[in-house]
Structures are given as C-alpha cells and as structure tokens.
Amino acid sequence: MKGTTEAGRTEIRPAGRPDLRGQVEDFLFYEAELLDRWQLDTWLALWTPDCMYLVPATDRAEGDPDVDLFLIRDDHFLLSQRVASMLDGTAWAESPHATTQRMITNVRASEVAGGVIEVHANFLIHRSRGGRCDAYPGRYEMRLVPGGPAGLRILLRRAVVALEELRPQGRISIIL
Amino acid sequence: MTESPYVIDDRETPRFRVRRSTMVASEILDEERRQIFDRSWLYVGHESEIPAPHDFRTRSVGGRPIILTRHTDGSVQVFINSCPHRGMQVESRPQGHGRFLKCFYHGWSFNTEGALVAIPDEASYGENFDRQNLGLVHPPHVASYRGFVFLCWSADVVDLETYLAGAADILDLFADQSETGMRVIGGTHLYAARANWKLLSENSYDGYHALTTHHRYLAMLKASGKDLQSVFRSSGGTPALGWDLGNGHAVIGGSDGSGGNNTGLGRDLSGPALVKQIARRDRFAELYGADWADRMFSGRNVVIFPNLALVDLIMGITIRTYYPVSPDYMEVSAWSLQPSDDEPELRQMRQENFLTFWGPAGLATPDDIEALERCQKGFAAHDQAPWSDISRGMVRSRPAFNDELQMRVFWREWDRRMTGTVHPLEGPALPRSGRLALPYVSANQ
C-alpha cells in the first residue's frame with residue numbers, strides 16, 4: 001500500500017484487499033475500546049513478543065528510529081513496562097486516568113508476504129483530564145499477523161501524529 | 001539574611017524561600033523579558049544542525065523569529081527573520097537549504113550573509129537607494145562556544161565565554177565526547193507545559209525528585225535487570241554534588257571513577273557495547289587525562305541561566321530550551337546530541353535509552369510535566385500560601401546533587417537581575433579549570 005517512488009515521494013496506492021477490511025476494522029475498534037476503557041492488560045496481549053511501537057517526532061514523520069529522534073520506540077519489554085505503570089498508578093501523568101475517546105477511520109488493508117497484513121488507518125483521540133481537553137490526530141501504519149485471542153496480533157504500530165508540534169498537548173501520556 | 005519582595009535568603013536558620021507570585025504575575029513576566037531574556041546570552045542552536053553552506057533553520061529565540069544559517073564561506077550566521085522592507089517573516093519553513101532567502105511579499109532576496117542582493121524594479125527607488133543598509137538585521141551579539149550558538153538581544157553584555165564562566169567547562173564535557181565532533185540528530189521534541197518556565201529550570205537539575213516522581217522509570221530499570229544500587233552508589237572519584245558555576249549557572253554531577261563501566265540511569269550495556277564504551281573512555285583518558293574522562297563518563301545536569309538545560313545521564317544527552325508564552329504556559333524544544341563517530345552498538349543504546357527517559361512521551365518527562373503543571377495549579381492560592389521552600393542542603397558545607405544549591409544559585413541570579421538584591425554566594429563558584437580543550441572539530445567539516 002505504501003512505497004517510495006524514484007522521486008522520493010511516498011507512493012499512495014489503493015487498498016489491495018477490501019475483503020480484509022472488515023476483520024481489520026473490527027480488530028482496530030476492539031483495541032481502541034480496550035484503550036478507552038483502560039483495560040490495558042487485555043490490550044497488551046494483542047501484541048506479538050517481537051513487536052515494535054513507534055511514534056516519530058512531529059518534525060520528522062518519515063524518520064528512522066535507528067537514526068533519528070523519535071517520541072516513542074518501545075519494544076515489548078518497554079511497552080509492557082509502560083502499561084504496567086499506567087495501571088499501577090505510578091504514571092503520574094495518567095493517575096488518575098484521563099478520559100479518552102478514539103475515532104478510527106479511513107482503514108485500508110492489504111496482505112503482504114507471509115500472511116502479514118499491512119494496515120493504514122487514521123485516528124483522532126480526544127483526551128480530557130484536569131480541566132483541559134486535547135486532541136491527538138494522526139495515522140497508523142501497522143503490520144498485523146494472524147493469531148491471538150482476537151484473531152490478529154500487532155507486530156508493528158507506527159503512530160504518526162499529524163501535528164507540527166505537541167503544543168499545547170505537551171505530552172503523550174496515553175497510548176496512541 | 002538578605003531579602004527582596006521575592007526571595008528570602010536566611011543563612012542563620014537556614015531557610016531559602018521564593019515567593020510564588022513570581023510564577024503567576026504577568027507584570028513579573030514583562031519584567032523578566034526586559035531584565036533576563038533581553039540581557040542574557042540565549043541558545044540558538046548547534047552548528048551541526050546546519051552542516052552544509054546554505055542550510056538553514058528557523059526558530060524563535062527570546063520571543064523573536066530568527067534564521068540560523070551557514071554562509072558560502074562556512075561561517076555560521078544568525079539574522080532576524082523579518083524583511084527589512086515591510087517586516088514579513090522571510091522564511092517560514094523550520095528547516096531547509098537555499099543560497100538565497102526570498103521574501104515572497106515583494107520579492108526582495110537576501111544571501112546567506114543577510115545582504116540584500118536583488119529587488120524587483122530597483123530603479124524606482126532612485127539612484128541614492130542604499131541597498132547595503134537594507135540587509136537582514138543581525139542580533140546585537142552572536143557567538144559560538146564549541147559548536148553551541150548563542151545570541152544576545154542587548155548590545156550591553158559581556159562576551160559569551162565570560163558570561164558562561166564555569167559553565168564553559170561543562171560545555172567542554174559535552175563537546176569533548178567525540179574526536180569528530182558532536183552532532184544533533186534529526187528530529188526535535190517540540191512540546192509545552194502549562195506551567196511557569198522557571199519550574200523547568202528547577203526541575204532540569206532537581207536530584208531530589210527522581211526516586212518519587214520517576215518511580216515508574218526506576219521500576220523499568222529494575223525489571224530490565226539493572227542493579228539500582230549501582231545508579232546511586234559512587235565507586236570512587238568525586239561524589240556527585242551541586243556546584244555554583246557563576247552568573248546564575250549551576251550543575252549537578254561528579255565523577256564516579258567507574259572508568260566508563262556504567263550507563264548511569266540507562267539500562268545496562270550489552271557485552272559488545274560495554275567493550276566499545278570502555279575503549280572510548282580509555283581513548284579520552286589518553287587525550288584529556290583520567291580525571292576529565294571520568295567526569296565525561298559520569299553524567300551531569302547543567303542549567304545555563306536562564307533557560308538552557310543540558311543533561312547527560314550517560315545514556316544520551318539532551319539539549320533543552322524553553323520560553324514563557326504566558327506566566328502559566330511555556331514552550332519547550334529539545335534535541336538529542338550524539339558523538340558523530342558513535343559505534344552502532346552505542347548509538348543504538350543511546351537511541352533506546354534517550355527516549356525511554358526523555359521527551360514528552362518517555363517514561364519520565366511526562367511525569368515531570370505533570371508535577372510542574374500541578375505546582376502551577378497550586379500557585380493559584382499564592383496569596384494565601386505565598387512561599388516555596390528551596391532550602392535543602394543549606395546545612396551542609398558541600399550540598400549534594402540531590403540538594404537544592406543549584407536552584408538557589410538560579411534564584412539568587414534571578415533576584416539580582418529583577419530587584420538588584422545581591423545575595424552572598426553559599427560558597428565559592430567553581431571556576432573554569434583553564435584546561436585547554438582540543439581544537440574544536442565541527443562534526444560536519
């Protein structure tokens with residue numbers, strides 16, 4: 001669904017497998033609701049052991065996590081640590097938990113080699129806490145693989161925040 | 001005891017108190033702009049952000065738009081990003097490359113030295129038109145120290161090295177970490193906090209809050225198999241202390257004498273990475289002496305007055321600067337500084353550890369922001385609860401890294417600038433060592 005043309009421009013292609021979209025949408029809506037309801041332990045089980053959760057810097061959306069500064073580059077260990085502290089109350093920025101509401105749209109899915117499903121989707125997350133409400137718009141670039149309790153598991157999530165800068169949001173203390 | 005309306009510095013009890021109205025009053029912020037931000041050397045950027053001639057960056061420094069660029073001859077240039085014709089911001093992209101900067105409003109063009117080189121229909125201005133004096137305006141002072149570029153918006157200021165005082169040594173400890181030059185990597189943390197800017201100066205070298213505010217980070221370290229005792233235990237060298245560096249600058253740090261065999265607050269290094277790290281440390285010991293190499297590999301948090309923090313927790317270096325937009329809201333920009341000749345194993349370690357701790361989505365910084373924002377909420381009652389306490393360690397002859405000497409140094413300078421009150425030093429400021437740094441090598445030349 002996505003490649004790079006010779007001119008260096010991101011190539012946008014139509015969805016390869018509209019028939020996959022229903023399953024993928026159900027999965028994305030399910031995990032979004034788990035996040036909104038703070039059932040993060042159930043949500044964590046949706047990830048593969050070799051997963052990667054990435055959020056690039058706002059001024060380098062196409063960055064490489066081995067070379068460029070990112071906002072988040074969690075492997076499974078770090079993601080599970082992040083989740084544990086969000087549940088045990090020591091992630092002070094989310095203690096008490098914010099109220100969030102996620103909209104997941106514009107879902108496209110295609111199958112790449114080895115049964116891996118490549119997904120593009122848009123998100124808009126509203127976060128309300130402490131007398132303020134912030135919006136986090138962006139897009140997901142994900143790789144899903146079959147398996148797990150929900151039928152699919154997350155191998156890779158790259159959440160690209162569609163903001164020039166994290167102002168006034170100031171932080172990403174929830175999961176995108 | 002010395003006191004002003006804002007700071008009570010009581011050496012007998014001892015007790016150091018700061019009035020919370022300084023964090024909420026807009027007239028204080030107006031005065032800070034005049035007395036502090038317009039009269040200090042302010043951080044513009046790092047030379048490695050504009051590696052090639054005609055590369056540019058635009059940003060706001062001290063409330064004014066600037067362009068940081070490199071001229072054809074390799075010289076670093078800083079101009080005000082406002083067309084001398086009618087004032088339009090000439091360049092709006094955050095970064096780019098161009099031999100000429102062209103204002104699209106009426107088509108005036110400037111070179112990377114700021115000179116006006118072309119205007120449409122110049123003849124209409126007559127033969128006495130003086131193009132020479134219509135270049136982009138330079139700030140009154142621009143200077144670099146070891147790749148760190150600063151400006152001052154006032155003509156009346158001491159030169160940069162005099163201003164940096166003992167902090168110049170600390171910048172050396174960052175700049176010396178690569179024989180091929182340090183470099184800022186791509187990507188910026190551009191975030192904000194709904195809190196007064198001075199709270200982030202305090203927080204950037206607050207060694208006292210780590211165990212409580214950053215419990216989740218330390219829990220992660222422990223889960224990774226790290227021996228937490230090793231983080232806070234010195235294996236020799238100089239114990240970690242707070243140091244006054246003069247002119248309101250201060251640092252916390254020491255030298256742990258571990259010979260590079262540590263990652264400070266980072267996760268443990270893999271075997272091959274540890275070998276590389278020790279090899280680097282040995283090389284630097286050869287170049288600079290073992291004491292200096294120990295300090296380089298032992299980490300430090302410095303705040304260069306008023307709003308530049310550099311923190312080296314060994315597993316990555318952050319450069320952070322922040323400006324007030326209003327008394328209760330600041331904008332923060334932060335970068336990652338790395339050796340340009342880093343081995344892949346060590347670069348990987350820095351990439352991973354940096355983000356785990358720092359930045360608006362790390363396992364530490366969001367909780368710092370939360371703390372600062374909740375301080376700001378508490379300050380709403382400043383009339384009824386007027387004082388904050390910054391006394392920790394005043395009873396010690398040598399305050400430790402987790403005392404609050406460094407914040408008192410900040411506030412004494414703040415009070416001197418704002419009210420003219422001179423509070424005596426708690427002890428002698430750490431002078432420049434006079435150690436001769438190796439000739440500066442830019443990472444990109």
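**A walk through chains A and B**

With 21 C-beta neighbours inside 10 Å, Ala165(B) counts as buried (a residue is buried if 20 or more other C-beta atoms lie within 10 Å of its own, exposed if 12 or fewer, and partly exposed in between, with C-beta atoms placed from the backbone). This is a predicted model, where local features need pLDDT of at least 70, side-chain atom pairs count only at pLDDT 80 or more, and totals for chains, interfaces and linings use all residues. Residues are numbered from 1 along each chain as its sequence is written, while chains are lettered from A and ligands numbered from 1 in the order in which they are written.

Back to Ala165(B): its phi is near 50°, a positive value in a residue other than glycine. Most residues other than glycine have a negative phi, and most peptide bonds are trans. Ala165(B) sits in the loop between helix H2 (160-164) and helix H3 (167-175) of chain B; helices (H or I, at least four residues) and strands (E, at least two) are DSSP runs, numbered from the N terminus. Asn247(B) also has a positive phi, near 55°. Its loop runs between strand E16 (238-246) and strand E17 (249-255) of chain B, and Asn247(B) counts as buried because it has 21 C-beta neighbours inside 10 Å.

Now for the cis peptide bonds. One goes from Thr13(B) to Pro14(B), with omega near -10°, and Pro14(B) belongs to the loop between strand E2 (7-10) and strand E3 (15-19) of chain B. Another goes from Arg167(A) to Pro168(A), with omega near 10°; Pro168(A) comes in the segment after E8 of chain A.

Next, helix H10 (residues 344-357) of chain B. Its 14 residues reach 20 Å from first C-alpha to last, close to the 20 Å expected at 1.5 Å a residue (the expected span is 1.5 Å times one less than the number of residues). Among its buried residues are Met349(B), Arg350(B), Phe354(B) and Phe357(B). The cover over the buried residues of H10(B) includes pieces of both chains: strand E4 (70-75) and helix H3 (76-88) of chain A, plus helix H6 (215-223), helix H8 (271-288) and strand E21 (329-339) of chain B. Just past the helix, Gly359(B) takes a positive phi of about 95°.

H8(B) packs on H10(B) at an angle of about 105°, with axes 8 Å apart; axes are lines fitted to C-alpha atoms, for helices over the stretch in contact, and angles run from 0 to 180 degrees between N-to-C directions. The two helices are therefore roughly perpendicular (angles under 35 degrees count as roughly parallel, over 145 as roughly antiparallel, 65 to 115 as roughly perpendicular and the rest as oblique). Pro272(B), Ala273(B), Lys276(B) and Gln277(B) of H8(B) make the contact with Glu345(B), Leu346(B) and Met349(B) of H10(B), where two residues are in contact if their C-beta atoms, placed from the backbone, lie within 7 Å.

Elsewhere in chain B, helix H4 (residues 197-204) and helix H11 (residues 365-378) pack at about 135°, axes 10 Å apart, and are therefore oblique to each other. Leu199(B), Leu200(B) and Asn203(B) in H4(B) meet Asp368(B), Leu372(B) and Cys375(B) in H11(B).

Last stop, chain A: Ala150(A) lies in the loop between strand E7 (132-146) and strand E8 (152-161). Leaving aside neighbours within four places in sequence, Ala150(A) is in contact with Phe27(A), Tyr30(A) and Leu46(A).
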